[in-house]
Amino acid sequence: MKANVHYFSQTDTIRKTVPQEKLGMRGRQANEFAELGFPILPGFVIDTDVASHLEGMPITETLKPLFRKIEGIVGKKVGDPKNPLLYKVVISPNLAISNYPTLHNFGLTKSTVDGFDSWVGDNFGAHEVLFLVRGMLRIEERLAELEKREKELAKIRAALEKAGKDLDAERLKAKAPELIAEYAPLFPKGFFDDPWNQLSIALTRISRMLELDDQDDQDTAILIQPMVYGNYGKDSASGDFFTRNVVTGEKKVQGEFYQERFNEIGASGKDINAIDPVHLKALQKMAWTLEDRLREIRQIRFTIENKKLWLIEQRPVIAKSTQADLKLLLDLEKRGIVDDEFAIKAVQPGRLNEILHPIVDISSVKKLTGVSGGITGAPGAAIGRAYFTTEGLLEAYRIAQQKGEDKRMILVMPATYAEDVKAIEVATGVLSCEGGYSAHASVVARQYGKVSLVKTDMRIRGKKAKIGEIEFAEGDYITINVPYYGEPKVWLGKASLIEPNPEDSGLLEFIAIAKRKLRHFHVRANADSPRDAALALSFGAEGIGLCRTEHMFFDAKRINVFREMILSETREERVKALAKLKPMQKEDFYGLFKTMAGKEVTIRLLDAPLHEFLPHNDAELEAFMTHLAGGKKGGKPSLSKAEVKARIDALAEFNPMLGHRGCRIAVSFPEIYEMQVRAIFEAAYQLQAEKVDVRPEVMIPIVMNAAELRLIVYGKKIEGKTYRGLVEIEEELRSELKAKTLPYRIGTMIELPAAALDAGNIARYGEFFSFGTNDLTQTTAGVSRDDFNSFMPDYSTYDLIEGNPFSNLLQPVKDLVAIAARRGRMTRPGLALGLCGEHGANPDNVRFCMETGLDYVSCSPYSVPISILAVAQLELERQQKK
């Protein structure tokens, strides 16, 4: 037996010749810490060869010499009536999962219990006797089951139940000697008489159980270590801590210690950094050695007994922030402990959402009433006063600004539309009840880094709303929490938020590491303003993949001029209104190009149906009438209110998504795209003169065939009419400005099945394709992104569709993208291909895009880091396969 028992301590390690699997999982861990020189409790492992065959072996004779070594280190002796050494027996299988009981406090006998009580108190002593009793009763219970001793089994279980109740009692009535006398008859004779006899009985019974138990399969060792107690005198303490701050990631141990207490239960702790400096230095060494070795944040439990520090346990940390993990990885990478590849693979892309958005401080919502559930539109947390209309929110925001009051507001509406973008932009979040992940509110919220939650059970009546048991009125504070992982929640009242700081969090540094691995594929951003472009650039975007020019017209200074243009009845009237808009558009494009100098900027010409820009309520109509009157209230407008309403009604469409929008508007009103193209190139040529590297890409939306694109790009002459193409307009402008040729590309958005199938012909006139997968999903599956949540739960119940089609690309959509990519490049081998929209922030979709041969994805600025990390991980995967 002696050859199968392996001793270890802070200065002694188990021989390398002993196969590691013979030690069991816990035995291996103990020896690893011994190898690191940690202050671990000395002990020994009875290996797997003999652990289940101890019956009849010389247990006491073999183990006594090892206990003498342990006694010398710990300063206590087995059987000492005044200061007894107690020990634990750990059943150590090689499997991570087992249901063996915890076995502590061996060495408590009739002769030692009073001495133990003198150190820890009668109540604690009684508790530890019961803990020992319960552990051994579980061994006896299992043996009775295996040996089919039914009568004894019932008796043991009754005793177990009683021991459990006694342990749960607030204060034990019986003292330790009385409990020993009460429970002794349940165990083999002499169990509580002598500590060495107790050792022999306990190990024999445990070994017998392992021998009979199929769970063991000759694969389990037994680990024995002494027990130490943080309540063992005035120079004792217990504590636990994290190897670094689990929220901020600061490299500073975080936790508490409890002076003269066994553990934290009922104790008042002190900051671990206030512990004796000698102990703190030892704990820090343990902490950072573990981080370097295991490459993750760990939690450490320790005990100080009579001034001696002992490591009791260390384990992984589940509840930690992404920021903490990033800070650790950056620390390890800088010191060469891990390489870039390890750091990149260590973080799931979706976890970066946590850093990009605020989170609720959970301690601040304990007294608030809340309801759970809902559909995540855009993750994060938001606090603000609720407003039920765009006008109401903007007015309240203006007043709050003037008075220096709280400007935090949440837009609460059934659904949002294009005219509500300006309210979403200033709000902290959006709470709606129609649509889902791809609803307008969700898409715009992600674009602007706002929070969006869809609560389909919310009912809005005027200026009041009800969700489950909570009700709130306009002006009431609400808090919404939309975690990337977990269930969303709405609280009535104000919580506290933990605000993100991408720079301090280490995110920007981490993304820079990830970008080193990008080779053949890159990530662009959807951005409509220089501010969004600068944000995307800071997050690592390699250009703009989608600038939605229609969003630019919703600015308060522009919307009524644009409405004037839409309602014009002649080309001359439209051109006059467009002339007012062109300087504004040029300013927008100038800012985007300058911010993204040296990178491609894809500008999508006007796409949204014209009716979306028109007044939708009385307040907007009145503001437009004032505009028509030269900005004077009470003045005479150029059109009557009845005429305006009639023209608005004439523009209404039954299915605007498939109606007069995108390139179809350009066919009917070419002067609109002409104004936009002139604005684009006036800005580009101005920057060229300023020595700025400008790379414009002009994108034509909702094209369904090659003829449309050819007309818009190259123009057409028919009898009595000439349609000027964009190429001709650019050439004319260049000549007027006497500018040098500027490289640019004209392409199209593939968002209709017809366009995907006709891609070979469309590529004759387009130099790039951008797949608009939101609309391509709608037109392929015949599913509205704003309405699909009304029936999607039923489809999910019967597994009729996999996931959210506006988050995970459907296979038919993938097929169309692949067909279009292949056919397009057969015509034009150098055709640039990208995917724009929030599908591009899903790592699974990124994989598809890379495998299909696309060049980039484009998503909202706040999703750019997620996509970059996904690309980097896939690039590493590709390299490994090679």
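**View 1. The whole chain and its surface.** This is a predicted model, in which local features need pLDDT of at least 70 and side-chain atom pairs count only at pLDDT 80 or more, while totals for chains, interfaces and linings use all residues. Residues are numbered from 1 along each chain as its sequence is written, and side-chain values use heavy atoms, with hydrogens and water left out. The C-alpha trace spans about 115 × 60 × 55 Å along its principal axes.

**View 2. Inside the chain.** Of the 882 residues, 55% are buried (under 20% relative accessible area, 1.4 Å probe, protein chains only). Among contacts (heavy atoms within 4.5 Å) with a separation of 6 or more, 71% join residues 24 or more positions apart.

View 3. The chain has 33 helices and 33 strands, which are DSSP runs numbered from the N terminus (helices H or I, at least four residues; strands E, at least two). Five of the strands form an open sheet in the order 8-7-6-9-10, with antiparallel pairing. Strand 8 (270–271) and strand 10 (308–316) are at the edges with a single partner strand each, so one side of each has no neighbour in the sheet.

**View 4. Where strands 7 and 8 meet.** Pairing requires at least two DSSP bridges between two strands. Strand 7 (residues 254–259) pairs with strand 8 in the antiparallel sense over two bridges. Look for Glu256, which stands opposite Asp271 in strand 8.

Key: Buried means under 20% relative accessible area, exposed over 50%, partly exposed in between (1.4 Å probe, protein chains only).
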